[in-house]
Amino acid sequence: MAHQKPLPRPDADTAPFWEGCSEGILRFQRCLSCGHIRWPASFLCPECHATEAAWEPSAGRGTVYSFVVYHVAFDPGFKEDLPYVVALVDIDEGPRMLSNIRGCLPEEVRIGMPVELLWEDRNGSRLPVFRPLRAC
Amino acid sequence: MHAVGVLEQGLCNYVAISYGHNPLSSGGLKSVFQERAGNEAVFGQFGASAGYALAARRAMHEFGTGPDTWKHIAVGQRKWANLNPIAMKYKEPMTFEDYFKSRWIVEPFRLPDNCLITDGGRAYIVTSIERARDLPNPPVLILGMGQHNPSTDVQQANHLAGPTGAKKAAESAFGMAGITTTDVDACQIYDCFTYTVEITLQDYGFFGPGEGQEWFEGCTIEPGGRMPVNTSGGQLSEAYFMGLTPFTEAVMQLMERCGPRQLGPATGTRKPEIIICSDNGAILQTHTCIVLGKD
């Protein structure tokens, strides 16, 4: 029997984020007072504490800030993925988010590497992951 | 620090600080990782090893550290454990070759870069100097304390490669004690991972970014070394009891109750007058530095 990977658990702050994901749109909150784009999702701006914000789409490009390669499955649902990469990605619009790097070997990942968004389906949910940016 | 506060306020006369757990035999830690993981779990991110590994990888990029530095910490502390009959790794020596042959857990961490999972416990008593002088063992004095908690989650933190909370915590503790690094005889450093030891000692001022490998070389932290670190084997080679692992070892060493691993002539090191201890919380989110000394 295949083990299930965990699914997103939206809460009041993150529900719009995951709704965007289900539509294939990566969105972050932009503070309507100071313009800061924030992640994680929050009811107020960490820079100026204003509450007014708008969810705006991201171009889905960024660079790798750090990364690790899992060689051990802490959850049996990930055993088939080993070895897999978890990375911190600096999104061009400003926020930094944790995700996976797909589409290359783990040993090819570099800090500073440009990456682009890739959608991954999981049991009806869509997860935003990243792959090395492809030259046109 | 809390204990000192309630004692000074006269709320009590003795504070017992203890820790006990059985994660090795009960498998309890696994469910903790899965329950706490939150939305990171969907990306396969679990636990402290990966969190610190993200920090360590960033440090490799920023100032050129890596396994060639961390091997000294893993192997050096193992030598202390090999002198400690109650250490989990008492009968398991480790060479650099053993270190590099060990399996990856979350790269860049191999198995020996991670602290142990241990069944057991530890405790110590904090009281006034007057009452301590009246008790059977020689008193150990708290000369300085400091705390700094950057608290930002590892996913957004910009201090992964330092300075971490260790820097300001040490400035406070060393300042209170009136000491510098040259006054320190030994260090008991919270060593959840080898990188934690490096970044703590770096932020405390023992060496600069990227100078760690050279500082550790030549058996610096080992028996016979000029700056013993984690003289029970630490969380890496003795046992994981959170901050009580480093703290109780510092106390026992200053009380001269450590037998074959006692700092002093028995181990070719300085007889300790001043030992510094560190404690960490979460992933580089909280830090405490305590300076202990003989009466």
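Begin with both chains displayed together: chain B and chain A bury about 2,900 Å² between them, with 59% of that area on carbon and sulfur atoms. Next, select B:V42, B:F43 and B:L54, which supply 25% of the area that chain B buries against chain A, more than any other three residues. The model is a predicted one, with an ipTM of 0.95 and a pTM of 0.95. Colouring chain B by confidence shows an average pLDDT of 95, and 97% of its residues score at least 70.

Chain B contributes 33 residues and chain A contributes 32 residues. On the side of chain B that touches chain A, the residues divide into 15 nonpolar, 10 polar and eight charged.

Which interactions cross the boundary? Between chain B and chain A, 15 residue pairs are in polar contact, both residues of each pair being at pLDDT 80 or more. A search for salt bridges across this interface returns zero.

Proceed to the secondary structure of chain B.

Finally, display β2(B) together with strand β4 (residues 61–70) of chain A. These two strands pair in the antiparallel sense over two bridges. To inspect the pairing at residue level, select A:Y70 and B:V106: A:Y70 stands opposite B:V106, which lies in β2(B).

Note on methods:
Residues are numbered from 1 along each chain as its sequence is written. Chains are lettered from A and ligands numbered from 1 in the order in which they are written. This is a predicted model: local features need pLDDT of at least 70, side-chain atom pairs count only at pLDDT 80 or more; totals for chains, interfaces and linings use all residues. Side-chain values use heavy atoms; hydrogens and water are left out. pLDDT is the predictor's confidence in each residue, from 0 to 100. Contact means heavy atoms within 4.5 Å. Buried area is the accessible area (1.4 Å probe) that two parts lose on being put together, summed over both. A salt bridge is a side-chain nitrogen of Lys or Arg within 4 Å of a carboxyl oxygen of Asp or Glu. A polar contact is a pair of N or O atoms within 3.5 Å; within protein, one must be able to donate a hydrogen and the other to accept it, and residues adjacent in sequence count only if both atoms are side-chain atoms. Ala, Val, Leu, Ile, Met, Phe, Trp, Tyr, Cys and Pro count as nonpolar, Asp, Glu, Lys and Arg as charged, and the others, Gly among them, as polar. Two strands pair if DSSP finds at least two bridges between them. Helices (H or I, at least four residues) and strands (E, at least two) are DSSP runs, numbered from the N terminus.
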